[in-house]
Amino acid sequence: MKNTFVPTKWTLLFLLLAAMLTLMGGAAVAPALPLISEVFSDSPEYLVSMIITLPSLAVACTGYLIGIACDRFGRRPVLVFSLVVFAVAGSAGFYLDSLWAILVSRIVLGVGIAGLTTATTALITEYYTGASRAKVLGYQSAAMGLGILILETGGGSLAEISWREPFLIYLVGFVILAGVLLFIHEPSREPRQARHDGTVKLNMGALLPIYASIFVGMAIAFLLPTKLPYLVSEVGTASTTGTGLLLGLMGCCSALAGLFYGRLAARMPRMQVMCLCFFLMGLGCCLLGFAASVTAIAASVIFVGFGQGALIPTIVSWISNKAPAQAMGKATGIFSVALNLGQFGSSLMVVPILAAVGSYSNLFLAGGVCSVLIAVVYAAAWMRERRGTANTV
C-alpha cells in the first residue's frame, strides 16, 4: 500500500533540528583548536586542523553512496542511523588520548554527517513543493545557522573547562533521535520498483555548475571555523568563549538569512541571489583582512553569515528544480559531497596560500577577493538572463 504520511509541525521541527547539525557539525570543537594544538604540540597545525575538516572529507567520500542508500532503503532509516553515528563518533574525542585515534573518530563522524545532510535535504524536497518548499529550505538554512550558534558557542564555553569537554556537545544527537523516531516517516512516493529504475539519470551538465558553486562557497566560508581562532589570537584576544561567540554570531546571521530566504527568492532571480551571496561573503572576508580588533572581526563575520545563509537554500532549490524526484537522494548526496569537499579542501588550500601571503589577515583578504570575483561572474550571468528575457518580450 502506498505510504500517505503527511508531515506535521513536529515533523518539520525535528527535521530542522537534524539539519541543524549538518553544516558545522565537524566544527563544533573549533574554539578549542588552539588548546588542542598545545596538548599535541609535537603535531603540525594542519594536522590538528583536520579534527575540523576530516569529517568533511569523509562526507565527500561517502555522500554519493549514502545518497544511493537513501533512494534504495528510504530516507528515515538513513537519518536514524546517521544520528546514532553522529552522537557516538562525535563524542569520542572526550575520552580518546591519541590525536590519531581522534582523527579516525572524526572520519566516522563524517559518515554520520553525510547521512544527516542527504536524508534531511531529500525529505524536505519530497515533503514540500512550490512556495512551501522555498520557505522550508529557508528554515533549513536558518536551522544550520542556529546550529553554528549553538555548537560554536557551546563548544567555546565548554573549552573553558578543558579541550575535551567540547566533544560532549555531540550527544545532542541522541535527543534529536527520539523525536525523529516518533514524528518522521517515509514520504509518499512511487512504488519501490519505480524508484530503482536505472533509466532515471541526473543531468550532470546542468548540475555541475551548481555543485561547483557550493564547493567554492564552502571552501571560502570554512576559513572562519578553521582560521578565525588563530586570527582572534593574532589581534590579542585568545578567549575560547569569545571565539565561539564570534562564530556563533556568524551562525545567527546565517539563520536570519535563512528565515527571510523565501521572500528573497520570490523577489530576486536566482543568479542575482547567487551574486549577492558571494559578494557578501567576499566583503566579510576582505573586512577580516583589515580587522584590528574583536569588534571589527564581529562586524566582518556578519556579512559572511548572511551570504552563507542565503547560499545554501538557493543551491538546494536550484538542484531540486534540475533533478528528478526518483533520483533526489543521489542528487542531494552529490550536493553533500560538494559541500563537504569544499570544507575539507579549504584546510588544504590554505597551506600554500598562507605560506605565500604570510599572515591570517592576508589569507582572509585573498579569500574575499576570490569570492567577489565569483560574484562578478554571477552578475554577468544575471545580466545575460535579463537581456534574454527582454528580447523574448
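Where is the place of Gly155?

Analyst: Gly155 sits in helix α6, which covers residues 130-159. Before zooming in, a word on the ground rules. This is a predicted model, where local features need pLDDT of at least 70 and side-chain atom pairs count only at pLDDT 80 or more, while totals for chains, interfaces and linings use all residues. Residues are numbered from 1 along each chain as its sequence is written, and side-chain values use heavy atoms, with hydrogens and water left out. The helix names come from DSSP runs (H or I, at least four residues, for helices; E, at least two, for strands), numbered from the N terminus.

Back to our glycine. Gly155 has a relative accessible area of 0%, so it is buried. Buried means under 20% relative accessible area, exposed means over 50%, and partly exposed is in between (1.4 Å probe, protein chains only). Who does Gly155 touch? Setting aside neighbours within four places in sequence, Gly155 is in contact with Ala28, Pro31, Ile150, Pro166 and Ile169. Contact here means heavy atoms within 4.5 Å.

The axes of α6 and helix α14 (residues 294-322) come within 9 Å and cross at roughly 140 degrees. That angle makes α6 oblique to α14. Axes are lines fitted to C-alpha atoms, for helices over the stretch in contact, and angles run from 0 to 180 degrees between N-to-C directions. Under 35 degrees counts as roughly parallel, over 145 as roughly antiparallel, 65 to 115 as roughly perpendicular, and the rest as oblique. The crossing of α6 and α14 is right-handed. In a right-handed crossing the near helix is turned clockwise from the far one by less than a right angle, and in a left-handed one anticlockwise.

On the α6 side, Arg133, Leu137, Gly138, Ser141, Met144 and Ile148 meet Gln308, Gly309, Ile312, Pro313, Val316, Ser317 and Ser320 of α14. Sorted by class, the residues of this α6 and α14 contact are six nonpolar, six polar and one charged. For that sorting, Ala, Val, Leu, Ile, Met, Phe, Trp, Tyr, Cys and Pro count as nonpolar, Asp, Glu, Lys and Arg as charged, and the others, Gly among them, as polar.

Another glycine takes us to the next helix pair. Gly155 and Gly217 are 62 residues apart in sequence and 24 Å apart in space, C-alpha to C-alpha. Helix α9 (residues 204-221) packs with helix α13 (residues 270-290) at an angle of about 20 degrees, their axes 10 Å apart. α9 and α13 are therefore roughly parallel, and their crossing is left-handed. Ser213, Gly217, Ile220 and Ala221 of α9 make the contact with Met274, Phe278, Met281 and Cys285 of α13. Those residues split into six nonpolar, two polar and no charged. Also in α9 is Pro209, which at 43% relative accessibility counts as partly exposed.

Cys285 leads on to the cysteines. A search of the whole structure turns up zero disulfides. Cys286, for one, is in no disulfide, and the nearest cysteine sulfur, in Cys285, is 7.2 Å away. A disulfide would need a pair of cysteine sulfur atoms within 2.5 Å. The sulfur of Cys370 has its closest cysteine sulfur in Cys285 too, 9.6 Å away, so that is too far for a bond. Cys286 counts as buried at 17% relative accessibility, whereas Cys370 is partly exposed at 34%.

One more helix is worth a stop. Helix α10 (residues 223-234) is mostly covered, with ten of its twelve residues buried. Among them are Thr226, Lys227 and Tyr230, and these three of α10 meet Glu45, Ser49, Ile52 and Thr53 in α3. The α3 (residues 45-73) and α10 axes come within 10 Å and cross at roughly 130 degrees, which makes α3 oblique to α10. By class, this contact has two nonpolar, three polar and two charged residues.

Thr117, found in helix α5 (residues 99-127), counts as buried at 3% relative accessibility. Trp10, in helix α1 (residues 9-19), counts as partly exposed at 47%.
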